[in-house]
Amino acid sequence: MPAPLDRLSSRLSLRSIADSERERLFLWVPVAFGAGIAAYFALPREPVLAAVLVLCVVTGTVAVRCGPGRLSGTVFIGLFLASLGMLDAGLRSRWVAAPVVFEAGYPVPVTGRVIGVELREDGAARLTVAPERIGRDAAADVPTLLSLWMRGKWSVPVPGQTVRFNAMLLPPPDAAVPGGFDYARRAWFSGIGGVGFLTSAPKSVLPARQAGLSARLETAIERTRLYVAGRIQRSLPGSVGAIATALVTGERGAIPEADEDALRASGLAHILAISGLHMMLVVGTLFWFARACFALSPDLALTRPIKKWAASIALIGGLGYLVLSGASIATQRAFIMAAIMLVAVLLDRPAITLRNVAIAASIVLVLTPEALVTASFQMSFAATVALISAYEALRSWSLARGESAVSPQIRFLVRAVLGLMFTALIAGLATGPFAAYHFNRVAIYGLIANVAAMPLVSVLVMPSALFAMLLMPFGLEGLALAPMGQGIEGVLAVARTVAGWDGAVRMVPQVPAVALLLTIAGGLWLLLWRTGVRLLGLPFIAAGVGLTVLSGPPDLFVARDLRMAALRMQDGELAFLPKAGSDYEVEVWLRSAGLVPEGTPRRRADCDEWACVADNGRLRVSYVSDPVAFAEDCAWADVVVTPISPPQWCRDDAIVIGPQDAARSGAITLTKTANGIAIETAADRSGDRPWTRRAR
């Protein structure tokens with residue numbers, strides 16, 4: 001073909017691709033907006049919002065001048081949306097800003113109103129308190145909320161009660177490992193300005209001021225949730241009742257740790273978090289039941305819009321479930337998605353489409369931009385987008401193939417079984433990278449467990465939960481809770497069986513953020529486009545997976561408070577110096593090293609009364625607890641960790657991590673490379689942000 005004709009053919013091909021994908025451009029709106037939010041959280045310090053606003057105006061103006069039909073216009077629309085996302089995240093951070101407590105080192109008196117109570121399996125309780133006074137601080141100088149543990153055998157206060165107690169207060173902790181889960185950031189956006197534990201029994205006192213209407217409504221909701229949880233657990237005691245309570249009210253504290261571990265190992269832990277699955281099962285059951293009841297009357301079925309009536313009832317029921325379950329960010333997101341789909345039914349539009357998912361994602365990101373960096377948001381929307389896109393492709397393939405000659409009954413059964421397997425496979429593939437990144441865990445037999453357990457959840461557990469709530473005002477909830485309990489027992493049986501298989505869990509060392517971003521970019525490109533151009537996303541996914549496989553864990557972990565360190569030995573196990581301390585930090589380190597937290601022995605390094613030492617063949621590490629050990633250990637070790645002030649000359653012979661270093665940097669990891677020892681700190685990864693220790 002002559003060169004001019006070749007160029008013309010190429011141009012026409014690109015034009016046809018662009019025309020075919022034009023209507024899919026809307027699906028990239030939340031992606032571009034989310035990219036701006038991600039850029040905000042990746043910045044080393046707070047951006048100047050005036051500059052971000054100018055960027056919005058400039059990119060928006062250029063986009064209008066270029067026109068949306070041109071490539072340049074499309075690019076600048078994306079930049080405009082990204083700058084809007086950054087602006088939205090910055091405004092949200094300033095909107096929720098509130099005081100954060102300082103570590104006093106001794107118990108301080110606290111007076112406040114109890115907002116929420118979470119009861120634990122071991123009898124402890126976690127209180128969420130809105131403080132009125134802390135020590136001598138005035139109301140204007142105290143945090144919005146405190147999250148406090150109550151472990152004594154004291155009477156648990158009820159939501160709405162104003163109490164006075166003494167408590168050890170700490171600022172919300174930052175990540176236990178650089179790049180890991182940052183509780184301080186989540187606490188900042190949740191209004192939690194302090195954590196700690198009670199050192200005295202809470203005593204009821206008169207409130208300093210009368211609670212407002214919203215506070216009284218919030219109290220009524222929390223008391224209702226506790227009442228419902230109590231009614232459920234009286235009918236279903238033990239682990240089954242705790243799981244039933246989690247599915248209805250969102251409170252997971254009473255679930256035995258062994259059963260939660262089994263659910264995680266089998267890939268069934270997602271059923272405990274109220275998400276799109278639970279919300280869709282509730283509104284779907286309500287929609288089907290209401291429509292079936294209306295259809296019993298031929299007159300109504302033939303002359304009235306009973307489908308829209310059923311959608312309205314399902315929408316109200318979904319709102320009730322949102323309130324009863326605690327209205328967490330994940331549940332709010334699930335309700336928004338369900339509401340958009342039900343509104344689509346009311347407007348005679350297709351309910352389950354990628355466009356509706358894009359609208360739901362946009363609403364969630366505008367209202368709560370911090371949700372973007374949470375595992376629940378990422379996994380929920382990844383699974384939803386992947387399933388809708390996969391079923392769109394499957395539907396196109398089925399239409400092109402035509403109907404089979406097999407009988408309708410057999411065809412229905414085969415489709416049901418294969419559909420369940422296909423759904424579990426696609427959802428597992430879509431959420432796997434996020435599970436590896438956030439939890440360092442991949443459930444090898446998750447497909448088998450989900451195929452076996454999800455029919456029980458979909459057909460028996462969640463519909464029974466709905467009918468139990470409808471019957472509870474009449475005292476008849478036991479009629480529905482009995483089959484719900486049987487379904488949960490079946491799910492637990494599947495979880496325990498699968499978790500007991502050899503190699504059920506594959507632990508993954510700490511995944512680089514770049515690997516996750518490459519996988520996300522490739523996955524979105526693959527799922528959001530319709531034509532063959534979507535296949536260009538596969539190399540990005542392969543690059544992300546390859547980078548994950550090639551990356552390894554750090555050699556040395558150092559705690560943010562210097563109370564312990566851990567060296568990864570030649571066999572991959574961790575040796576703790578001087579010994580394993582905080583259970584939470586130990587679990588995070590084990591997961592980051594690619595080790596199973598449950599049942600892994602806590603190896604201790606060689607210790608005497610002055611120091612502990614460990615050598616893995618790459619690094620020699622000393623943990624000095626007495627000054628007399630500095631002379632010998634500074635000369636022997638590559639790295640010296642000490643909670644006491646080290647002599648300056650020690651830094652000439654070794655890398656020294658002392659109290660001043662930890663105060664600035666937080667948790668630290670060190671990795672021996674061909675070029676030396678690479679040091680990474682939590683402070684460097686989190687930057688100088690309002691929620692970080694640098695800001696405090």
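Biologist: Which hand does the link of Cys-607 and Cys-612 have?

Modeller: The link of Cys-607 and Cys-612 is right-handed, with 110° about the S-S bond. Keep in mind that this model is predicted.

Biologist: What is a disulfide in general?

Modeller: A disulfide is a covalent bond between the sulfur atoms of two cysteines. In this structure, Cys-607 and Cys-612 are joined in that way, S to S 2.0 Å.

Biologist: How many disulfides does the structure hold?

Modeller: The structure holds 2 disulfides. The other joins Cys-634 to Cys-650, S to S 1.8 Å.

Biologist: Which hand does the link of Cys-634 and Cys-650 have?

Modeller: That link is left-handed, with -95° about the S-S bond.

Biologist: Which parts does the pair of Cys-634 and Cys-650 tie together?

Modeller: Cys-634 lies in helix H21, residues 630–636. Cys-650 lies in the loop between strand E16 (639–641) and strand E17 (655–657). The pair therefore ties together parts that are 16 residues apart in sequence.

Biologist: Now the surroundings. Are Cys-634 and Cys-650 buried or exposed?

Modeller: Both Cys-634 and Cys-650 are buried.

Biologist: And what about Cys-607 and Cys-612: buried or partly exposed?

Modeller: Use the cut-off: buried means under 20% relative accessible area. Cys-612 has 4% relative accessibility, so Cys-612 counts as buried. Cys-607 has a relative accessible area of 31%, so Cys-607 is partly exposed.

Biologist: What pattern do the disulfides of the chain follow?

Modeller: Count the bonded cysteines along the chain. The pattern is 1-2, 3-4.

Biologist: Let us turn to a helix. How should I read its residues?

Modeller: An α-helix has 3.6 residues a turn, so residues three or four places apart point the same way.

Biologist: What span should helix H12 have?

Modeller: Helix H12 covers residues 329–346, which is 18 residues. At 1.5 Å a residue, H12 should span 26 Å. The end C-alpha atoms of H12 are 26 Å apart, which agrees.

Biologist: Is H12 mostly covered or mostly exposed?

Modeller: H12 is mostly covered. Of its 18 residues, 14 are buried.

Biologist: Which residue with a positive phi follows H12?

Modeller: Asp-348 follows H12, and its phi is near 60°.

How values were computed
Residues are numbered from 1 along each chain as its sequence is written. This is a predicted model: local features need pLDDT of at least 70, side-chain atom pairs count only at pLDDT 80 or more; totals for chains, interfaces and linings use all residues. Side-chain values use heavy atoms; hydrogens and water are left out. A disulfide is a pair of cysteine sulfur atoms within 2.5 Å. Buried means under 20% relative accessible area, exposed over 50%, partly exposed in between (1.4 Å probe, protein chains only). Helices (H or I, at least four residues) and strands (E, at least two) are DSSP runs, numbered from the N terminus. The expected span of a helix is 1.5 Å times one less than its number of residues.
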